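Q: I would like to learn how to read the features of a model like this one. Please give the general idea each time, then the case at hand.

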Amino acid sequence: MRRYAKRGAAPAARSARGRATREARARFDAVTRATIADRPLHEWLDDYQAVEQEWHRWAHDDLGDAEAWRDAVADVRRHTIAHLDHYLAEFADNVERSGGRVFFAADAREAREYVAGVARRKGTRRVVKVKSMVSEEIGLDAALEALGAEVTETDLGAYIAQLAGERPYHITGPAIHMRLPRLRELLSRAAGEDLREEPDALAASARRTLRDKFLTADLGVSGANFGVASTGTVVLVTNEGNGRMTTTLPPTHVVVMGMERLVPDWRSLEPLLTMLPRAGTGERMTAYVNAITGPRREGDVEGPDELHVVIVDNGRSRILGTKYEPVLQCIRCGCCADFCPVYRTMGGHAYDSVYTGPIGAVLTPLLDGLEGREHLPFASTLCGACDDACPARVPLSDLLLELRSDVAGSAAEPRSRALGFEGFAAVSARPRLWDLLLGAAGRLGRCVTRVSQAAPRFAPTGRLRCAPRVVRAWTDSRDLPAPAPASFRRLWRRRPRAASAGERR
Amino acid sequence: MDRDVFIARVAARLGRSAPLTAVAPPAMKRPRHGVADTTPDGTDAPARPAGPQRPTELQRPAVSQRPTGPEGREELLDLFAARLQEAGGSVARAPGREQALAAVAEFAREKGVVGFACPPSLRWAAIDGLWTDDARVADFGLSEADWGVAETGSVVLRHQGERGRGSSLLPPAAGFLLPASHVVRGLGPVLAQLGDASEPLPACVTFVTGPSHSGDIAGVMCRGVHGPAEVRVWLIEGE
């Protein structure tokens with residue numbers, strides 16, 4: 001039998017850890033409750049998901065055999081991850097061959113310091129960013145701002161989230177929760193003029209503000225949707241064009257990418273470029289896909305003079321070779337959140353991470369460590385909608401279950417729950433004791449039936465409405481069926497023998 | 001971190017004592033697009049549902065069979081036009097290069113263009129008064145596309161030398177000249193050719209599919225957020 005209570009750290013360390021866990025849990029509860037209480041936000045998120053799901057279906061129906069394309073994406077991703085050592089070396093060689101520089105960063109600090117070093121050497125005053133979840137993961141903005149540089153997110157949604165000082169709400173739609181009055185307030189303040197509350201007027205204002213940033217920036221920081229190992233190419237997929245601006249206008253371009261973003265060759269890009277736009281925004285193709293191979297060449301009229309590619313581990317190699325490896329197949333389309341009933345209910349900020357939705361619930365504890373993130377794997381109904389939607393066949397529900405079992409084996413598991421399970425294990429292994437307790441439960445059940453006849457308020461139709469503290473979390477929102485007056489075992493023992501024998505024949 | 005240490009760590013996690021030096025490419029079965037070419041003229045392809053309102057009656061696109069027999073050139077060009085229109089762009093067809101350039105000049109005149117950006121070698125008499133070499137101040141940019149992809153309505157640009165990146169990105173409207181014979185059905189052949197090691201890749205290759213757009217303002221589709229709000233492709237027949 002597994003001993004839960006005796007595992008874990010020494011008492012002092014456990015109480016410090018317990019505090020981090022409790023605080024994170026309290027934040028999570030507060031954000032979730034606030035979202036649930038905000039009815040207009042709720043309806044807004046409902047509508048958002050309904051539209052995204054409709055577009056998603058349309059784009060996949062258009063494809064014919066979408067399952068075959070999912071298989072193709074998963075095949076490419078699995079193959080790459082299984083041979084990642086080889087493709088990392090090939091990719092780095094080819095980036096260097098095309099004139100770029102490569103830096104391998106073991107963790108967030110190394111990555112930040114390298115990029116800050118480039119910025120310092122270049123005397124950077126203004127930085128524009130695109131597709132940079134990894135840069136958010138490693139806390140790059142603060143490092144660049146410490147040098148006195150102004151850092152601007154250029155994806156419209158990410159820019160809005162930055163103006164609001166908020167984390168991204170959704171992987172592909174960082175500001176999907178905001179409605180027009182709030183957007184008008186934020187963008188008017190940024191533009192220094194009173195803008196009309198119309199989408200086109202607001203977008204046009206952001207275009208003007210950000211165009212000026214693009215034209216005057218001296219450093220462009222981008223992520224990478226894919227890195228093609230066979231040619232050392234960085235591929236960016238965007239709808240607004242900020243990916244092209246950031247990689248074209250500033251004289252220095254720094255790519256910050258997770259080490260698992262690679263694909264073997266151009267041929268393997270086909271399923272990815274077929275599925276990413278369909279899963280991400282429900283389109284056949286995004287407005288722009290740009291493929292960068294090194295800095296500008298001699299004779300090129302445009303393009304950066306310097307290209308740096310920072311390949312970030314930051315916890316990813318810890319996932320390799322474990323049961324969690326399939327999470328690295330993710331292509332960051334964000335469609336798991338578009339199908340998740342829990343995301344819709346508690347909102348993107350409840351994840352308290354760069355990565356939101358079901359993938360965030362899996363990836364965040366794996367990258368940051370389980371401590372203080374123990375509640376995330378439980379923020380799921382395990383309905384499997386995300387599994388069905390995922391273009392890369394990441395088995396999200398399975399991974400969430402694995403994480404739950406890790407939490408159960410960790411110090412964060414409440415002692416009472418561990419004791420409860422130990423008690424259950426002890427009782428269920430002893431038939432006589434089990435029988436005795438079931439008999440007692442049956443007497444309680446008969447008692448409840450009598451109460452329900454006398455005072456239906458507490459137990460209508462034989463169901464418990466108020467119960468002892470331990471089960472109140474359940475009975476607060478649901479009815480608990482009362483134990484049956486007689487257990488099945490008892491009924492079985494008392495069955496008429498002859499008749500049952502006859503029926504069997 | 002040192003590159004070799006980094007890669008050795010990855011190899012160790014994958015259960016290898018030393019990094020792999022050679023890998024057979026992935027055994028990838030390329031699925032076929034099942035529906036792409038719905039109707040013979042490509043015009044009845046189901047439209048993307050409108051947003052951001054909650055859809056009321058869900059119209060499920062019909063699944064029809066791919067046409068059999070040799071693929072007609074015309075059908076391919078129609079599909080390209082239909083798909084680009086759906087992405088928010090437009091297509092005009094011209095029997096030859098001269099006619100295409102005349103149509104572009106006419107288009108620029110009608111729009112009241114005052115700054116016309118295109119590579120110097122493309123510059124021709126009709127736009128002489130409007131031409132600029134600075135795409136940042138242009139209000140229309142013309143680029144030569146290398147390929148068209150019918151299934152997605154995309155044009156593919158290899159940016160090198162004087163074929164810069166700005167003329168298709170910075171002005172509020174962008175035009176492309178595309179030889180009709182360079183239109184292929186799917187992404188596959190284009191990707192295969194770009195990945196062909198015998199031909200060095202330019203520093204930048206771009207796939208453009210319709211105008212720049214974003215749904216980040218309250219879920220409403222806004223065009224021209226960073227790149228052009230208007231995209232027009234002139235298909236040149238006989239090229």
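**Reading the model**

A: A:Asn314 is buried, with 20 other C-beta atoms within 10 Å; a residue counts as buried if 20 or more other C-beta atoms lie within 10 Å of its own, exposed if 12 or fewer, and partly exposed in between, with C-beta atoms placed from the backbone. This is a predicted model, in which local features need pLDDT of at least 70 and side-chain atom pairs count only at pLDDT 80 or more, while totals for chains, interfaces and linings use all residues. Residues are numbered from 1 along each chain as its sequence is written, and chains are lettered from A and ligands numbered from 1 in the order in which they are written.

Q: What is the phi of A:Asn314, and where is its place in chain A?

A: Most residues other than glycine have a negative phi. A:Asn314 has a positive value, near 45°. A:Asn314 sits in the loop between strand 10 (306–312) and helix 13 (316–319) of chain A; helices (H or I, at least four residues) and strands (E, at least two) are DSSP runs, numbered from the N terminus.
A:Arg332 also has a positive phi, near 60°. Its loop joins helix 13 and helix 14 (335–339) of chain A, and A:Arg332 is buried, with 21 other C-beta atoms within 10 Å.

Q: How is chain A divided into domains?

A: Domain bounds come from an automatic or database domain assignment. Chain A has domain 1 (24–50 + 342–413), domain 2 (67–314) and domain 3 (416–504). The centres of domain 2 and domain 3 of chain A, taken over C-alpha atoms, are 58 Å apart.

Q: How do helix 9 and helix 10 of chain A pack?

A: Two packed helices are described by the angle between their axes and the distance between the axes. Axes are lines fitted to C-alpha atoms, for helices over the stretch in contact, and angles run from 0 to 180 degrees between N-to-C directions. Helix 9 (residues 180–191) and helix 10 (residues 199–216) of chain A pack at about 30°, with axes 10 Å apart. That makes helix 9 of chain A roughly parallel to helix 10 of chain A; angles under 35 degrees count as roughly parallel, over 145 as roughly antiparallel, 65 to 115 as roughly perpendicular and the rest as oblique. Among the residues that meet are A:Leu183 and A:Leu187 in helix 9 and A:Leu202 in helix 10 of chain A; contact requires C-beta atoms, placed from the backbone, within 7 Å.

Q: At what angle do helix 4 of chain A and helix 1 of chain B pack?

A: Helix 4 (residues 84–97) of chain A and helix 1 (residues 3–13) of chain B pack at about 155°, with their axes 8 Å apart. The two helices are therefore roughly antiparallel to each other. The residues that meet include A:Leu88 in helix 4 of chain A and B:Ile7 in helix 1 of chain B.

Q: In what order do the 6 strands of the open sheet in chain B lie?

A: Two strands pair if DSSP finds at least two bridges between them. The order in chain B is 1-12-7-4-2-3, with parallel pairing. Strand 1 (90–94) and strand 3 (131–132) of chain B are the edge strands, each pairing on one side only. Strand 1 of chain B pairs with strand 12 (residues 230–236) of chain B over 5 bridges, and B:Arg93 stands opposite B:Leu235 in strand 12.

Definitions and conventions:
Two residues are in contact if their C-beta atoms, placed from the backbone, lie within 7 Å.
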